[in-house]
Structures are given as structure tokens and as C-alpha cells.
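Dear colleague,

Please find below the structure that I am handing over to you. My notes on it follow directly after.

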Amino acid sequence: MQLASEIVYPIYLAGASDSQESVAKRGDELLKRKASTANLEDAKLINRLFTLFNGTASAENIAAELKVAPAPSSLRVRLMSVFCRSIAAANAFPYTLQCIFGCIYGSGTTSRLKQLGMEFTVWVFKHAVMDQLKLIGPVILSGILRSLDGSSSTEADSTARDVKIFAYQAIGLLASRMPNLFSNKTEIAMRLFTALRLEDQSLRLTIQEAATSLATAYKGASIVVLKDLEALLLENCQVEQIEVRFSAVRWATTLYDMQHCPSRYICMLGASDVKLDIREMALTGLNLLNDERQSPAMTVDFNYPDIVEMLNYIYSQQPKLLQSNDQSDGKLLFSSKTFLAMIKFLMKCFEASDIPDLSQEDPSHSPVAKMCVVLEHAMSYEGSSELHALALK
């Protein structure tokens with residue numbers, strides 16, 4: 001009589017991980033020949049495999065002869081690769097939690113097990129049912145953050161790098177599935193922007209993708225949180241690292257609407273970026289990307305900022321606009337492309353705004369006068385011919 005694959009699978013798997021070469025070879029053979037059809041979605045099998053992994057040493061109510069010692073590292077590595085293929089394993093609470101923390105923090109863990117623990121975390125965040133995710137998500141997230149805190153940004157080891165890649169992927173996945181875990185404070189946003197600046201180039205694309213997922217989690221955030229994020233994005237929209245600038249502009253256009261002055265200012269700065277994808281995203285945020293192809297009638301569908309608020313915000317960010325152009329020695333206060341985007345956008349705001357009767361107010365403080373100062377600065381000697389032509393027009 002042949003035993004079911006699910007019954008013999010744990011035994012052959014343990015054999016295949018044995019330190020004796022002859023035993024390991026035989027275990028591997030039997031695993032492939034007699035247990036390859038085992039159903040990895042069978043809850044009883046998965047529970048037995050988790051018992052093999054975690055052991056039963058901590059459970060006092062089990063008879064001594066039935067206790068199982070935690071698996072050695074070689075077997076744990078094989079078990080982890082099984083768990084990362086099983087949706088039942090992703091939903092086997094509380095074993096999943098014990099297993100992940102055993103890999104990341106357990107005594108005697110290895111860098112390979114840490115890597116597999118993080119990979120399994122990504123798998124769990126992707127496939128766990130929501131009821132279980134609510135229980136384990138916050139706990140595992142704090143574990144991931146602790147793990148990242150304990151790592152250095154100069155680790156050259158490829159396994160350590162993979163641990164971080166999975167850690168950031170896990171944060172991105174959890175943000176897309178449990179946005180309310182992130183949206184009430186800015187801590188994780190600040191962490192990701194800092195990581196984008198400081199981590200090795202090979203990690204930045206993964207962190208950028210996690211940041212993009214995180215941005216959507218903040219969509220329902222409070223006014224206070226959105227205000228704090230505004231400052232974070234302004235701080236990061238012109239730094240050296242491309243991925244940081246990309247994320248700053250992406251967040252500005254994702255989180256805020258067209259009427260929000262600070263985010264539109266970030267888009268104006270992004271309009272002169274050396275990277276095409278950042279420039280296009282910034283111009284889209286200003287409704288200028290297809291400007292040449294749009295008819296004037298199409299532009300009124302957008303709610304542009306109040307022209308006075310937009311001008312005041314630009315002046316607050318660049319106080320030198322208050323000085324006369326003669327004092328700037330012909331140097332531009334913004335790059336030509338930023339000035340171009342700024343003038344075009346301000347003209348759209350003008351067209352959409354109800355300008356008060358200019359005869360009733362101090363002409364020097366009117367939006368028209370302030371706009372003329374911007375145009376005057378745009379005429380600086382350093383400006384491009386395209387900018388000069390637009391300002392004159």
C-alpha cells in the first residue's frame with residue numbers, strides 16, 4: 001500500500017536536507033518520485049510543515065516523545081521555498097508570524113533565511129485574506145522597519161541587498177492593501193524618501209515602486225498629514241537623485257488637485273528636470289503637456305488655482321522676485337523651462353479667475369502687476385529665446 005503524498009512529503013523533505021550526503025540524495029529521489037504530487041494547499045500538510053519548521057518546544061502540554069525540535073537551517077531553507085508557493089501557508093495564522101520572525105530575528109538565523117523570511121512576507125502580504133492581514137500586518141510591518149533600521153546602507157552582500165528589496169516590496173504591497181495603516185502619520189513616507197536618497201542605486205527602483213504604492217495610501221489622509229507631506233515633497237523635488245525627484249513629482253500630482261498651489265509649484269520646478277519622464281509628469285500636473293494640441297475651449301474644464309494665491313505662493317518661495325530685475329545681474333531666478341511652465345500656467349489661472357476691478361485697488365499689488373514682475377524677470381539676459389518670446393507675447 002502506498003501512502004498519500006501529503007503524508008510522506010515532510011519525511012522526504014527532511015531527508016533531502018540531511019547533512020549525510022547519501023541520506024540527502026535518497027530523500028531527494030523519493031521526494032521527486034513519490035511526493036511531487038503533494039497538494040501544497042492542503043491545510044493539514046502545511047500545518048505539519050510549520051510544526052517541522054517552528055518545532056513544538058514551547059508548547060508545554062505535549063508529551064515529551066511527541067515534541068518536535070525546530071528544524072535545522074538547511075531544512076528551514078527548503079521549507080521556506082515550499083511556503084513561498086502555497087496560499088494556504090500565507091493564511092496559516094499564527095504559524096506565518098512565528099515563521100517570519102524566526103527567519104528575521106530567530107537565534108541562529110542566517111542571511112539566506114532572512115532573505116527567505118522577507119520573500120515569504122511579500123507572499124503573505126499578497127495572498128493573505130484581509131481578516132488575517134489585519135491581525136498580522138501591523139506586527140510584521142514593525143518587524144520589517146526594525147530590520148531596516150538594523151541594516152547599513154553600504155552592505156555589499158547580495159543576500160543582504162535582496163533582504164532589503166523584499167522588505168521594501170512588502171511595504172509597498174501592505175500600503176496598497178491596508179492604506180489606513182499608513183495614512184495617519186508621515187513616518188513611513190519620510191523613511192522611503194530618505195532611503196531613496198541614501199540607499200544604493202541598485203535598490204532605488206524597488207523603493208521608488210514602494211513609494212508610488214504608498215502615495216495612494218495617503219490619498220485619504222487628514223489635512224494636517226497632507227500639509228506635512230507638502231513640506232517633505234518641496235524639500236525633495238530638486239535633490240540630486242533622479243528617483244527622489246520622480247517620487248516627489250509623482251506624489252505632488254497624485255495627492256493634490258489642480259487648485260493646490262504648493263504641488264503646482266513643485267510641477268513648475270519639475271518642468272525643467274533633465275529627465276524626460278519627470279518633465280512630462282510635471283507638465284501633465286499643470287495641464288500643459290498637450291498644450292499645443294489643445295483648443296482654448298478645452299482648458300476651462302479644469303479648476304485652476306486662484307491667480308492671487310498662486311502668485312503669492314510663488315513669491316513666498318522666491319522672495320527675490322520682489323527685487324527689481326536690475327539687481328539680479330541678468331541671471332534667471334528660475335530655469336528657462338520652469339519660467340515657461342510658470343507663465344503658461346499663470347496665464348491659464350488668469351483666464352479662469354475672476355479678476356477684481358483693478359481701478360478699485362492699489363495697482364502695484366494687483367495680480368496683473370505681480371504677473372508683470374514675473375514676466376520682467378523672465379526677460380533676464382540668461383533666458384532662452386523661447387522664454388523671451390513668450391514673456392513678450
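Between which two helices does the loop with P94 lie? P94 is located in the loop between helix 5 (87-90) and helix 6 (95-105), where helices are DSSP runs of H or I with at least four residues, numbered from the N terminus. The peptide bond from F93 to P94 is cis, with omega near 5°.

This is a predicted model, in which local features need pLDDT of at least 70, side-chain atom pairs count only at pLDDT 80 or more, and totals for chains, interfaces and linings use all residues. Residues are numbered from 1 along each chain as its sequence is written, and side-chain values use heavy atoms, with hydrogens and water left out.

The nonpolar core

The largest nonpolar core comprises 110 residues. Such a core is a set of buried Ala, Val, Leu, Ile, Met, Phe, Trp, Tyr and Cys residues joined through side-chain atoms within 4.5 Å; buried means under 20% relative accessible area, with a 1.4 Å probe and protein chains only. Among the residues with the most contacts inside this core are F83, F120 and W251. Helix 9 (residues 158-177) gives the most to this core, namely 10 residues.

Aromatic residues

The whole structure contains 10 aromatic pairs, that is, rings of Phe, Tyr and Trp (its six-membered ring) with centres within 6.5 Å. The rings of F50 and F83 are stacked (planes under 30 degrees apart), because their centres are 4.0 Å apart and their planes lie at 15°. This pair links distant parts of the chain, with F50 in helix 3 (residues 43-54) and F83 in helix 4 (residues 73-83), 33 residues apart. F50 is buried at a relative accessible area of 0%, and F83 is buried with a value of 0%. One aromatic cluster is formed by F50, F53, F83, Y95 and F120.

The charged end of R76 sits over the ring of F53, 4.2 Å from its centre; the criterion is NZ of Lys or CZ of Arg within 6 Å of the ring centre and within 35 degrees of the ring normal.

Cysteines

How many disulfides does the structure hold? The number is zero, a disulfide being a pair of cysteine sulfur atoms within 2.5 Å. For C99, the nearest cysteine sulfur is that of C103, 4.7 Å away. C99 is buried, with a relative accessible area of 0%. The sulfur of C261 is 7.5 Å from the closest cysteine sulfur, in C349, which is too far for a bond.

Yours sincerely

Conventions
Buried means under 20% relative accessible area, exposed over 50%, partly exposed in between (1.4 Å probe, protein chains only). Rings of Phe, Tyr and Trp (its six-membered ring) pair if their centres lie within 6.5 Å; planes under 30 degrees apart count as stacked, over 60 as edge-to-face and the rest as tilted.
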